[in-house]
Structure formats: structure tokens, C-alpha cells
Amino acid sequence: QNARQSRSLSYSFLHSFGPDCSLLITSQPCVVDSCIMGTNKNKRASAKKQKAAAATTVATEKTKEPTVGQELPPTSSSSSSSSSEPSGGFSWPQLTGLIYLCIAVSWLVSYGKHAFSSSGAEGSTSTACADYVQNVESCSTVDIQMAQIKYFSGMLTAVTSSLAMMVCWFDQPMFVRLITMFCASPLCTTVLALQATREWMKPAQMAQLGFQTTAYLVTGAFTIAQCPDVEPMRLPKLNLRSMTLATLAAVQGYEIIRLGMEGVAGLIDVPLEDDVTDPATVLIYFLCVDRATMIGILFFALFYADATKQKKLLLFYGVCHFIAVAIQLPKMEEYLVDADYQRNLLFGSGMFSLTAQVAPDIDLFGGSEDSTSEEQNDFSTQEAPTQQSKKEKKKRKDK
């Protein structure tokens, strides 16, 4: 009877450590101890697994938190944050950029009809200049030629600006900086050009253009206010890419100074001084607006874009200038003062930008500093905590 009682007690005692241990009916204490120790190890391992699973769920919840540019779920507590984004599929910077692009395209289409109208090719019956400029009945030949130059310049600026928006489309802080640059130029520079040409332009047209520009500025300011998280300013490194961007901006600045000093005579072969009319002089100021917009895009790439976006912008800038050499310049050669200078300027800008885009980043104060190595360093710093945790787990398993 005592043996039966001890056997039942051993059953219940071993069953408390697991069903496998209950099968052991032995009087050897070492076997029982090993079973108990093994069960304790299994319990510790399961507890560690549960802790690791809890840590991974916490990490995934943190990664699922809304970042900059993502919409919060529509809850009652987040009504104020959800109101900072439009109800559609676009963010505020994307919507504002599309509005600016549509306005620029519509303006270019309507302006191109006046610049390339067959009836006003010789300046005989075209009355487009009389709609904007005072004391003018029709457009002269010089006016039509200046209108064509302004059309090609505006087309080049609009295409470059739209490609810059494509580069920053999915980066909301960067897109906000681009919208800020658009508010500075061409919007603010357009206001300055209207003030400079107020003695030639008609008051009605000047008021209309001023009201439209102010409305676009208010739209841009509203977008900037809705997106407080913006890309911080970066000090450019002294490498080939940053030097190329600065040089291209300096070239555009030189063109503004040259146009301001020489005027219409610096672009078109004017036979007599009296042929330079008020409409042609007005278009000179708006040509400077296009040059200032190009400077803004280049400065944006220099101070705010990273290495990858800088290379993309340089690629698009070079391709656009090569297209201008192949398509736009042949249509203007017959009346330009120095067509070779314009060809060299466009071709040199395109070649210089493409060369900097494909060349490696060589820091003048250090060695080779490739963008791929920077990305690898960033990637390795992001993976450093995970690799450290894996090593700690291996050490625990070994112990």
C-alpha cells in the first residue's frame, strides 16, 4: 500500500512538470532531475519567445504610425489633423503643383496663338499687343519676334519646372520647399515685372494679372501653412555636382544682367532704334522672370535636394536644353543677333549638366565620395540595431 501511494505521488509530481515527465516511472533521481531541468529550460525558451514576439509587435506598431505626408485615420480625436489634407487622393503640395502646371500650360497655349498667328507674322493685322500695351494699335515685326522668343523661353521653364515636381512628387517636405520656390519665382518676380512695366501696360490687364498672381501666392501660402514639416536646408559639399549647379545658376544670372543692360537689341537684329516698341520692351522683363525661375530651381537642387534628386534634376535640365537646341533654336536663328552665342549657351549648359550627372562625386577636400556609399552607410545605420539584437539572441542561445 505504501508503494502504491508513493507511485501515485510520483505520477502527480512528475505530471506537474509536463506530460512527458509523467511517463517516467523510475527511482533514479538523476533522470527525474534532468526531466525537470529540461522542462524549466523549455519554459524559459517559451517565455523568451513571447517577449521577442511582444517586442516585434511594438516595433511594427511604431512603424505603422503616420509619417509626414500620410493621412491619419478619420477618428473623432484627429479631426483637426485630417482637415489639413484634402479629401481627394492628392496632398496639398501635389494639388497646388498641379494647379500651377495647368495654369502655365493654358497660358502658353493662348500665348502661342498670338505669337505664331499667320495673320500677324509680319505685324500687319495682329492686335494682340494692343490688348496689353497702351497706345499700340498692332504688333510690329520686332514685337512678334520677341513674343516667339518669350514663348520658347516660357516653354523651357515650364517643362523644367514640371520635371522638378515629378522628382519631388512623393516627398512632401521636399515638395513644400519647391512650392516655396515657385512662390518666390515666378510669382513674386512676376509682381515685380508688373510694377516695372506699369507705365506701358494697360491698367485693366495689369490689374487682372496682378489679381491672378496674388491668388496663386495665397494658394501657395495656404499650402505651406498646412504642411509645417519641410526639408531642412543643407550646406552643399564642394564637389563637381554642386559646382555645376552653382555655375549654371551664375550663367542664368549673367543672362538677366545682359538683358537688363542691352534690352531688345541684345537678342534681335533691330535695323533701326525706332523699331524697338513698348511691347518688345515689356517682354524683356518677363524673359528675366523665366531666367529667375531657372535660378530658383537650380538653387533648390543645390541647397535642399539630396544626391539622387540632384542627379535627376541635372539629367532633366540637360535633356531640356538639348531639345531647345534641336527644336527651338532653328526657328529663331533668322532674326537673332548672335545665334551662335545662344547655341553655345544652350548646348554648353546641357553638356555641363549631363557630365556632372554621370561623373563620380569627388570632394575637393577629401577622396571619392560617391552617393552610393552614402546610401549604403545610411542603410547600414538603419540595420545596425537589428543586427545587434540578432547577436544578442545568439549569445543567449549559446549560454
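This is a predicted model: local features need pLDDT of at least 70, side-chain atom pairs count only at pLDDT 80 or more; totals for chains, interfaces and linings use all residues.
How many helices and how many strands make up the secondary structure of this protein? The secondary structure comes to 14 helices and 0 strands, where helices (H or I, at least four residues) and strands (E, at least two) are DSSP runs numbered from the N terminus.

Residues are numbered from 1 along each chain as its sequence is written, and side-chain values use heavy atoms, with hydrogens and water left out.

Of the 399 residues, 38% count as buried, and here buried means under 20% relative accessible area, exposed means over 50%, and partly exposed is in between, with a 1.4 Å probe and protein chains only. Leu-315, which lies in helix α12 (residues 307-328), counts as partly exposed because its relative accessibility is 32%.

Let me turn to the largest pocket. A pocket is an open set of points on a 1 Å grid over the protein atoms alone, where a 1.4 Å probe fits, with protein on both sides within 12 Å along at least five of seven lines, and lining residues have an atom within 4 Å of a point. Of the 46 residues that line the largest pocket, the closest to its centre are Trp-107, Lys-150, Thr-190, Leu-209 and Phe-286. Helix α5 gives the largest share of this lining, 11 residues.
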